[in-house]
Amino acid sequence: MCAPSAFVVGNAAVSASEAPLLQLRGITKSFGSVQALTDVDFEVRAGEVMALVGDNGAGKSTLVKCVAGTHAADDGEILFEGKRVHIHGPKDAANLGIEVVYQDLALCDNLDVVQNMYLGREANRYEVLTEPVMEQHTSETLSSLRVTTINSVRQTVATLSGGQRQSVAVARAVMWNSKLVILDEPTAALGVAQTEQVLELVRRLGEQGLGVVIISHNLHDVFETATRIAVLRLGRNVGLFERAKTTQQEIVEAITAGQPTKVSGIPSTATAPAS
Amino acid sequence: MTTADATAPGPAPAADERQGMAGLWRRTLDNMKSGNLGVLPIVVGIIFIVVFFSFKATNFFTATNFVNIIIQMAGTAMLAYGVVFVLLLGEIDLSISYVAGIGALTVAELQNPGSGHQINGLLAMLCAVAICAIIGVGQGSIVAYVGVPSFVVTLAGYLVWQGVILQRLEQPGSIIIQDRWINYTASYFFSHDAGWLIAGIITGVYLIGVIWTVVSHRRAGIPIKNKGTMIAKVLGVAAASFGVVAICNHSYVQGNPLGLPLAGVIVVIFLIVLTFLAKRTTFGRHVYAVGGNAEAARRAGVNVHRIRILVFLISSAMAACGGIILAANVNSVDLNFGGGTLLLNSIAAAVIGGVSLFGGRGEVRGAFLGALVIATVSNGLNTAGYATGIIYIVTGLILLFAVTLDTIARRLQVRSGR
């Protein structure tokens, strides 16, 4: 119905001179008999906020987990900065500069802001923590992102509000010179004001030249932040839209009734899997 | 990446740094609200207990009894230190009392003059700790890699190691420890001057630690909070160490002057080293992280398996150290070693000291204070002439009180979190 008119995947391939930061081609993943992803293409350019939307079970989280290294894709290829890469674990993703902010935040409540920001990557000399360095760098990162709601970087995360926690999680993702930040439902548990805080932060990441992927159920959030919107339905691509040229109506139709933009069995790109 | 913005005021400097005492009070209040009660309740508790028994028993509040309490708490404290790390992970180690028994059995065996494999006492102690460390690695690996709950693994360990001790000691019934180095751990007393020197060293080490913190903060350009508390803490440590030595130097047994017991020094050394390990190293940070949110730690790249195994290693190694001191205290290892209340007292010590059973919260010094409470209470009840039953009842009630406090603190934390 609406999907073909907005189908711009082909166009994106034309402007290959500026290679996308991340490009997924023909990603397929199944869990036993459940086909979670079928031949999915996806891309993000540096400096853009790419929204990934779809109904429950559309395969959004699975796709992200393939990029993050939590799952290995059964088939398809991942290109990062134009080079083909193999991501076998979270460490690989982190080494490439890919950071994921998960829905459940993955912060330790019993640790303070600094300790959470540096979790797993503590600054140390001979295994002895260099606390002041971490504290100062944390403060700098938060102020560069204009996160002003956190009073002290030495308070435990347990004492922070949902929005503050989300800010810490996002700040942690960008602190490591990351190039691509993936946010999984960043506003799901937040109130109105706090949602606004976080969306502001997401836009700022794009302005700083990072590639940003935002996964959300909330179309308001998506239209507030995204430059482009990719829609998945039942594990397949059903459309890729420019935010400026589409409407919420169109996106909702794609989410609920979009037709696959690729017919399975017929490779739509030149790089059909050899196997 | 943020050099341009670095000059902008960070979000950190809040009002609480400028206001001195008022800020300190607010931080304490914040801490309490977030479920972090600190050592305040337990210090108040110890003072209360000491005052109570001083009136109750005539020979409780004496220098000699003070030395007694130090030696009595030493074994439990060493085991409790290990328990702290295990509890920080949200796990439990039920095997420590009999692993302590294995440690004691090992030293006893290796110093046994008639056995044909007698070695130097110091070496024997090292071997004992190493063997128990291997036991810990084994138990920890099963917990970490196979995923069997630590309760079950260490319950099995409890039975197995008890069995090993019974099996070995069935024939002789007990092994007498004659090696002087081993016995020194519970029965060596420093001369008065050496005591003062040790108090000075401990104060000095603490002072150096504080100065190092200040210097490194200065270098990074971070303002130092609570200068007052820092000075107060240094003075407190100085007062405590010199005070303890002063009291110990006034103790006598049958007319012979005692002094600072080596057992007490060992306990304090481990307190310092393990606190440093827990608070100032990446390993310690990861222990707290895994205890707070294991999944988050794993995603952040922490090797959760490795942390679990190392923690069980620490637990068993500390058990060995405690076992050696306990065995040295009675100069022998017998069939009942490791039984009785040793296990539960060690866990109770950590919990009374504010270490949360739910993981992620607590400090090594809590185990020290908890062991002190337990030793003081049982010593007090003993000297006041109460029966063993009463000692158990009172210890149980204190434990219940401490855990209730922890649970309430935790509930407050959840409430303040949202």
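Begin at G69(A), which follows directly after helix α2(A) and takes a positive phi of about 90°. This is a predicted model, in which local features need pLDDT of at least 70 and side-chain atom pairs count only at pLDDT 80 or more, while totals for chains, interfaces and linings use all residues. Residues are numbered from 1 along each chain as its sequence is written, and chains are lettered from A and ligands numbered from 1 in the order in which they are written.

**Helix α2 of chain A**

Select residues 60–68 of chain A next. Nine of the nine residues of α2(A) are buried, so this helix is largely enclosed by the rest of the structure. The buried set includes K60(A), K65(A) and C66(A). Helices (H or I, at least four residues) and strands (E, at least two) are DSSP runs, numbered from the N terminus.

**Helices α6 and α7 of chain A**

Display residues 162–175 and 192–207 of chain A. The axes of α6(A) and α7(A) come within 9 Å and cross at roughly 15°; axes are lines fitted to C-alpha atoms, for helices over the stretch in contact, and angles run from 0 to 180 degrees between N-to-C directions. That makes α6(A) roughly parallel to α7(A) (under 35 degrees; over 145 is roughly antiparallel, 65 to 115 roughly perpendicular and the rest oblique). G162(A), G163(A), Q166(A), S167(A), V170(A) and V174(A) meet Q194(A), Q197(A), V198(A), L201(A) and L205(A), contact being C-beta atoms, placed from the backbone, within 7 Å. Ala, Val, Leu, Ile, Met, Phe, Trp, Tyr, Cys and Pro count as nonpolar, Asp, Glu, Lys and Arg as charged, and the others, Gly among them, as polar.

**Across to chain B**

Turn to the interface, where 38 residues of chain B are in contact with 40 residues of chain A. Helix α13(B) gives the largest share of chain B's side, six residues. That side divides into 15 nonpolar, 15 polar and eight charged residues.

Select α13(B), residues 282–292. Nine of its 11 residues are buried, among them R285(B), H286(B) and Y288(B). The buried residues of α13(B) pack against α4 and β8 of chain A, together with α5, α12, α14 and α15 of chain B.

**Helices α5 and α17 of chain B**

Show residues 63–88 and 364–383 of chain B, whose helix axes come within 7 Å and cross at roughly 140°. The helices α5(B) and α17(B) are therefore oblique to each other. Their contact divides into 14 nonpolar, nine polar and no charged residues. Centre on V84(B): not counting residues up to four places away in sequence, V84(B) touches A350(B), V355(B), G362(B), V364(B), G366(B) and A367(B).

**The core**

Of its 196 residues, V67(A), A77(B), V84(B), C132(B), I324(B) and A367(B) touch the most other members. Helix α15(B), residues 304–330, supplies the largest share of this core, 17 residues.

Zoom out to the whole of chain B, with its 18 helices and four strands. Of the 418 residues of chain B, 45% count as buried.

Note on methods: A nonpolar core is a set of buried Ala, Val, Leu, Ile, Met, Phe, Trp, Tyr and Cys residues joined through C-beta atoms within 7 Å. A residue is buried if 20 or more other C-beta atoms lie within 10 Å of its own, exposed if 12 or fewer, and partly exposed in between; C-beta atoms are placed from the backbone. Two residues are in contact if their C-beta atoms, placed from the backbone, lie within 7 Å.
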